Amino acid sequence: MFEAPPLAEQERMVEAVLFASPEPVTVADLEARMPHGSNAAQAIEVLQKRYEGRGVRVVKVGEAWAIRTAPDLGFLMQKETVETRKLSRAAIETLAIVAYHQPCTRAEIEEIRGVSVSRGTIDQLLEMEWIRLGRRRMTPGRPVTFVVTPEFLDHFGLENARDLPGLKELRAAGLLENRPPPGAMPLGEGRDDESEEDQTELFEEE
């Protein structure tokens, strides 16, 4: 009944929503807010090109879109950090396993780590909304799986889990220890989640 607004106006609408939204917004959500006949995907494409080389950019986070600070200007935002969330080595390892092996069950996490995973470790990552419950496995007991969340991807500036760094990059950044290969020592020898006292500040919650 009504013609869709001009593309330039649609672009302004998308810009306004992304700018005001604290969370990434999907194309479907954008089109639900915009006038009938609007093409949010096309408007995003135009807006993304407009912001190329600027202080902020339009980025894809999972299946949604957001306006974020350009990566090379992140140092300017350091004073905006309110809280540093310390993660234990167990939590970091668990998070890494979920990110690289998702979807995976608690038993699979324990098999890879070689030690049991305490409920507190899983609960902390769920509380931070960096992992969430996935689909149940169609195996005996139908165990639940874990996957990383859009919040995790957004925090580290990733479009999807395929953008995670490789092992060489992780070691170079000091996020991965050069441990002996599995089998070099009894699994879990001298280690468990409850006894790990060392904390690290590799991950910061903004």
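Biologist: What does the pLDDT of the protein chain average?
Modeller: The chain averages 78, and 75% of the residues score at least 70; pLDDT is the predictor's confidence in each residue, from 0 to 100. This is a predicted model, with local features needing pLDDT of at least 70 and side-chain atom pairs counting only at 80 or more, while totals for chains, interfaces and linings use all residues. Residues are numbered from 1 along each chain as its sequence is written, and side-chain values use heavy atoms, leaving out hydrogens and water.
Biologist: Which elements have the lowest and highest mean pLDDT?
Modeller: Strand β8 (residues 199–200) has the lowest at 40, and helix α3 (residues 40–50) the highest at 95. Both are DSSP runs numbered from the N terminus: helices are H or I with at least four residues, strands E with at least two.
Biologist: And where does pLDDT stay under 50?
Modeller: Residues 178–191 do that, with 13 contacts (heavy atoms within 4.5 Å) beyond four places in sequence. Residues 194–206 are also below 50, and that stretch has 34 contacts beyond near neighbours in sequence.
Biologist: Switching to β7: how many of its residues are buried?
Modeller: In β7 (residues 144–148), 4 of 5 are buried, meaning under 20% relative accessible area, with exposed over 50% and partly exposed in between (1.4 Å probe, protein chains only).
Biologist: Which strands does β7 pair with?
Modeller: β5 (residues 104–105) pairs with β7 antiparallel over 2 bridges, and β6 (residues 131–136) runs antiparallel to β7 with 4 bridges. Pairing takes at least two DSSP bridges between strands. Thr105 stands opposite Thr145, and Arg132 opposite Val147.
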